[in-house]
Amino acid sequence: MTSKHPTRVRRRSLGAAVAAAGLLTTLVAAGPATATPDPGDLLPGSASSRIAQSAAGRELAPGEIPGQDEIVHSANVEPLANIPSADPGVINSDLAFQGKYAYAGNYNGFTVYDIGNPKVPKVVSRVLCPGGQNDVSVQGDLLFLSTDSSRSDDSCNSVSQPATEKSSWEGIKIFDIKDKKNPKYIKSVETNCGSHTHTLVPGERDIYLYVSSYSPSEAFPDCQPPHDGISVIKVPKKNPTQAAVVAFPVLFPDGGNPGEPTNPGVSKTTGCHDITVLPAKKLAAGACMGDGILFDISRPEQPRVIDRVQDNVNFAFWHSATFNERADKVVFTDELGGGGGATCNEATGPNRGADGVYDITGRGDQRKLVFRSYFKIPRLQADTENCVAHNGSLIPAGGGRDIMVQAWYQGGVSVWDFTDSTRPQEIGYFERGPLTTDRLGLGGSWSAYYYNGHIYSNDIVKGLDVLRIDDWRTDGAKRVWMDRLNVQSQPAYH
């Protein structure tokens with residue numbers, strides 16, 4: 001889930017087109033956008049010798065900004081471990097879990113971790129397969145990897161190639177992960193406009209993938225406008241090498257949010273950024289640039305929109321979604337500034353770059369998304385820290401409580417309660433001080449998810465962090481044990 005990539009030679013980030021260095025030299029930029037995500041202009045900040053200080057830290061004073069790279073956390077959150085990035089110049093992205101393993105994407109491929117002992121996680125294998133942003137999901141012996149940067153071919157030896165060339169490739173790669181020490185690449189499926197993120201929809205005989213992508217152009221042979229829907233890939237469980245695109249359902253027959261200049265500062269809807277499905281309820285929530293949608297997935301190949309909302313005052317880019325356990329609320333995130341901006345400061349204020357909490361009212365096709373409140377971390381961040389709402393998951397606390405953990409880039413990891421959808425509040429946090437103090441840097445937590453008693457955060461620069469929360473409000477989650485977790489395929493926890 002995700003999101004900062006300089007992609008497919010057409011940039012989806014702020015400002016003028018530039019070519020980045022290091023890892024990003026192969027991901028050339030082109031094309032300005034005002035409120036769209038993905039800061040390729042910024043490079044990951046540098047790692048420091050303090051990266052392994054997993055158990056250090058203190059609690060912040062009100063209004064305080066910690067020192068450079070300093071670890072701070074609330075009293076109810078304990079850092080247990082950190083595995084530093086093998087290459088801090090490579091952006092770390094999304095996470096998935098299965099059994100005692102965590103799978104962590106990065107712009108060069110993915111890493112398999114053994115988290116059987118969360119206090120001492122171990123690297124099992126690293127797979128080199130460049131192609132940002134490499135979001136991951138897992139099911140059985142299969143791992144699915146999103147490629148949303150224009151490549152010369154579908155191999156793991158590919159190089160960047162302009163999306164204006166018909167031979168360029170983007171889409172989904174499928175790996176056999178039965179041998180965790182030696183994952184094998186077995187299949188690719190090309191999709192229109194690539195795969196920025198994808199969502200796994202489990203079935204008895206087949207797995208479906210909802211592929212989210214956006215920003216078409218007349219100049220791109222494989223990404224032509226209008227791009228007003230999602231690609232649906234069907235993967236037969238018994239023969240995954242037969243995976244193929246089987247549908248492209250149109251979700252915005254009217255074209256969606258027009259964006260600029262009709263709605264200043266708002267992204268034009270040209271696809272979806274991320275979709276979260278709730279298979280137990282046959283329901284999905286889509287974060288689609290300028291629109292938030294609720295849709296029925298009872299027929300996986302033919303998802304059907306039930307309701308659609310916009311926020312043309314405070315939302316710039318609808319980024320991701322999370323249901324509560326009773327499926328009567330949805331939290332949508334706004335990735336103001338594309339993940340590369342310093343938007344957790346006093347100048348930006350509490351409502352922009354925040355989460356939007358929506359109640360789901362009514363039944364069946366009469367269900368509606370009703371806005372209740374915004375939530376933004378109350379801890380101010382420095383003007384050199386990229387910070388905005390990003391990927392998170394529910395903490396299955398039970399007892400009628402709605403609590404989630406969420407990544408905020410350099411704003412760190414936030415645990416917050418939205419049981420009262422009109423009055424959400426932060427109840428715990430973990431963060432590091434600014435990576436840089438003289439310029440805007442790129443770093444912080446990309447994804448922060450709760451899995452089997454612990455919080456796992458994939459930090460863009462610092463690598464894998466393992467945290468534990470001890471709080472009476474979340475204690476019920478310790479009794480919930482899962483055999484896998486793809487956060488965008490939200491489980492029925494209780």
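Reader: Before anything else, what counts as a cavity here?

Author: A cavity is a set of grid points where a 1.4 Å probe fits but cannot get out. The model discussed here is a predicted one.

Reader: How many cavities of 30 Å³ or more does a search of the whole structure find?

Author: The search finds four. The largest cavity holds about 120 Å³ of space.

Reader: Which residues lie nearest the centre of that largest cavity?

Author: They are Tyr409, Arg432, Gly444, Ser445 and Asp459, out of 16 residues that line the largest cavity.

Reader: Changing topic, which residues touch the most other members in the largest nonpolar core?

Author: Phe97 and Tyr456 do, in a core of 31 residues. At least two core residues come from each of strands E2 (77-83), E3 (92-98), E4 (101-106), E27 (445-451) and E29 (463-469). E2 contributes the most, three residues.

Reader: What is Phe97 in contact with, leaving aside neighbours within four places in sequence?

Author: Its contacts are Ala102, Ile115, Val138, Tyr449, Tyr451, Tyr456, Arg484 and Leu485.

Reader: Now to Asp228: is that residue buried or exposed?

Author: Asp228 is buried, yet it has no salt bridge. Lys268, the nearest side chain of opposite charge, is 9.6 Å away, and a salt bridge requires the nitrogen and oxygen to be within 4 Å.

Reader: Where is Asp228 placed, and what is it in contact with?

Author: Asp228 sits in the loop between strand E12 (206-212) and strand E13 (231-236). Leaving aside neighbours within four places in sequence, Asp228 contacts Phe248, Val250, Leu251 and Phe252.

How values were computed
Residues numbered from 1 in each chain as written. Predicted model: local features only at pLDDT ≥ 70, side-chain atom pairs only at ≥ 80, totals over all residues. Heavy atoms only, no water. Core = buried A, V, L, I, M, F, W, Y, C linked by side-chain atoms within 4.5 Å. Buried < 20%, exposed > 50% of the residue type's maximum accessible area, 1.4 Å probe, protein only. Helix = DSSP H or I, 4+ residues; strand = E, 2+ residues; numbered from the N terminus. Contact = heavy atoms within 4.5 Å. Lys, Arg positive; Asp, Glu negative; His and termini not counted. 1 Å grid on protein atoms, 1.4 Å probe; cavity = no way out; pocket = protein on both sides within 12 Å on 5 of 7 lines; lining within 4 Å. Points joined across faces, edges and corners; volume = space filled by probe spheres on them.
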